[in-house]
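Good morning, and thank you for coming. Please look at the structure as I begin.

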Amino acid sequence: MESISKISSIFETARDLTLEAAQSAGAARSLNPRPPRDLPFPQIKKLLDSRNDRDILEGLRKVISMMYRSKPCLPYFSAVVKNVASPNVEIKKLVYIFLLHHAEAEPDLALLSINTIQKSLTDQNPQVRAMALRVMSGIRVPVISQIVSLAIKRGCGDMSPYVRKAAALAIPKCYKLDPNTIPQLLDYLSILLGDKQYYVAGSGVTAYLEICPERVDLIHKHYRSLVRKLVDMDEWSQLATLRLMSIYARKCLPVRSKKMKKSKTRGFYDDEASEEEGSIAEEVRILDPDLELFLRTCKSLLYSRNAAVIVSVARCFLDLGTPDYVDSAIGPLVALLRSPQDIQQVALYNIVDVCLARPERFVRYADHFLVHASDPFDVARLKFEVWTLIYPHCEPHVRDMILCELEHFTRALNPEIVQESVRAIGRCAQSDSLASPRCLRILLEQVSSVDGNLSAESLT
């Protein structure tokens with residue numbers, strides 16, 4: 001028994017060593033990847049002409065690898081395209097990828113494969129049908145525009161939503177091939193905009209914005225269904241739908257205003273200045289019920305993981321909504337300041353726009369606009385802009401913090417940041433007379449600066 005246990009322990013140790021060696025070899029291979037070795041032309045041609053699917057797949061992978069490394073692949077065109085009739089889905093995918101890249105260079109040979117691709121439109125597998133439609137619309141040969149239009153018509157009535165989505169994405173490609181097909185494409189687009197599946201309708205909206213953004217009449221009967229599907233769409237379809245709905249709302253959902261009488265509150269005692277009691281006429285914005293439906297639906301998109309969606313919703317609230325809707329977008333916008341610098345900059349541009357309308361709502365977020373050493377100049381400039389807008393509405397301790405920060409940046413190494421901080425101090429002094437002496441002292445310190453531009457900025 002002892003000998004058996006010794007042998008088993010030896011085997012386990014050997015297995016562990018083998019696994020460690022394999023892992024280290026794999027790590028070394030990943031750290032120093034070798035470029036793939038290209039086979040000679042006759043050998044690849046032989047693989048593509050083989051009757052074995054495994055060999056054909058190997059040859060196609062070699063060709064696609066060469067294609068993505070910008071190596072000449074046109075000599076293989078005829079050998080690749082003849083495999084388009086293969087029943088193997090993996091082979092079809094690779095042939096379709098090759099066709100999309102090289103059909104313009106060899107239009108005559110590409111046209112030979114159209115009949116086979118058309119047959120794939122009736123395949124039992126919806127993935128194959130969608131791929132065939134995608135490839136047919138992606139072959140940029142104007143002669144086949146009518147064939148592509150008929151294929152889109154077939155795709156619009158397909159039972160699979162995956163195929164209908166491919167038909168929606170094919171509409172702009174067909175329009176670019178031949179703009180004269182626009183009457184038929186508008187009919188197909190009207191069907192797809194009313195599709196029950198949200199991802200088909202989202203692709204339909206994208207196609208609509210590409211080919212006929214001025215045809216608002218196509219949206220009338222689909223408006224409410226598109227608004228209800230907005231939450232379920234993917235981020236890119238949400239962006240397209242938000243853009244479409246803002247255009248539609250401006251044109252077709254006018255904003256009305258009504259004067260409401262607001263009575264003054266009485267004094268504690270009934271006999272207090274009863275003659276001074278009266279009413280104030282206040283203008284209130286009244287939203288159309290359809291616009292209200294759209295704005296309510298957009299509220300849930302403020303929690304999207306996509307920064308572009310949050311910014312688009314904030315713009316919709318600012319342009320179309322009431323102050324209550326604008327206030328609900330402020331927190332999510334400020335949260336974007338924790339994002340990378342490019343997103344921060346876009347968010348700050350929109351924060352400045354919102355802050356011009358509702359500056360008092362940003363006072364609680366004043367410390368979120370502190371400028372960091374790693375912030376680029378544009379981000380720092382926009383943060384200074386926000387500070388100057390909210391400064392008149394801040395408490396005294398917050399105003400003191402803002403002025404201390406701005407004074408600190410007057411001694412920065414970057415002359416552009418120094419100039420912006422001096423301008424910001426000047427704007428703060430204009431909005432608060434109590435802080436004027438302190439601001440004047442800071443500005444006078446910059447008058448004797450070596451930089452002439454900075455001295456001029458301080459004086460103005």
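Let me start with R215, which is partly exposed, with a relative accessible area of 29%. Partly exposed here lies between buried, under 20% relative accessible area, and exposed, over 50%, using a 1.4 Å probe and protein chains only. This is a predicted model, in which local features need pLDDT of at least 70 and side-chain atom pairs count only at pLDDT 80 or more, while totals for chains, interfaces and linings use all residues. Residues are numbered from 1 along each chain as its sequence is written, and side-chain values use heavy atoms, with hydrogens and water left out.

What does R215 form with D217? The two residues form a salt bridge, with the closest N and O atoms 2.9 Å apart. By salt bridge I mean a side-chain nitrogen of Lys or Arg within 4 Å of a carboxyl oxygen of Asp or Glu. D217 is also partly exposed, at 42% relative accessibility.

A second pair is D49 and K45, whose closest N and O atoms are 3.0 Å apart in a salt bridge. D49 is partly exposed at 33%, and K45 is partly exposed at 27%.

Next, R381 and D378 meet in a salt bridge of 3.7 Å, N to O. Both lie in helix α19, residues 377-390, three residues apart, about one turn of the helix. Helices are DSSP runs of H or I with at least four residues, numbered from the N terminus. R381 has a relative accessible area of 25%, and D378 has 29%.

Finally, D327, R358, E360 and R361 are linked in a network of salt bridges. The structure holds 17 salt bridges.

Technical notes: Helices (H or I, at least four residues) and strands (E, at least two) are DSSP runs, numbered from the N terminus.
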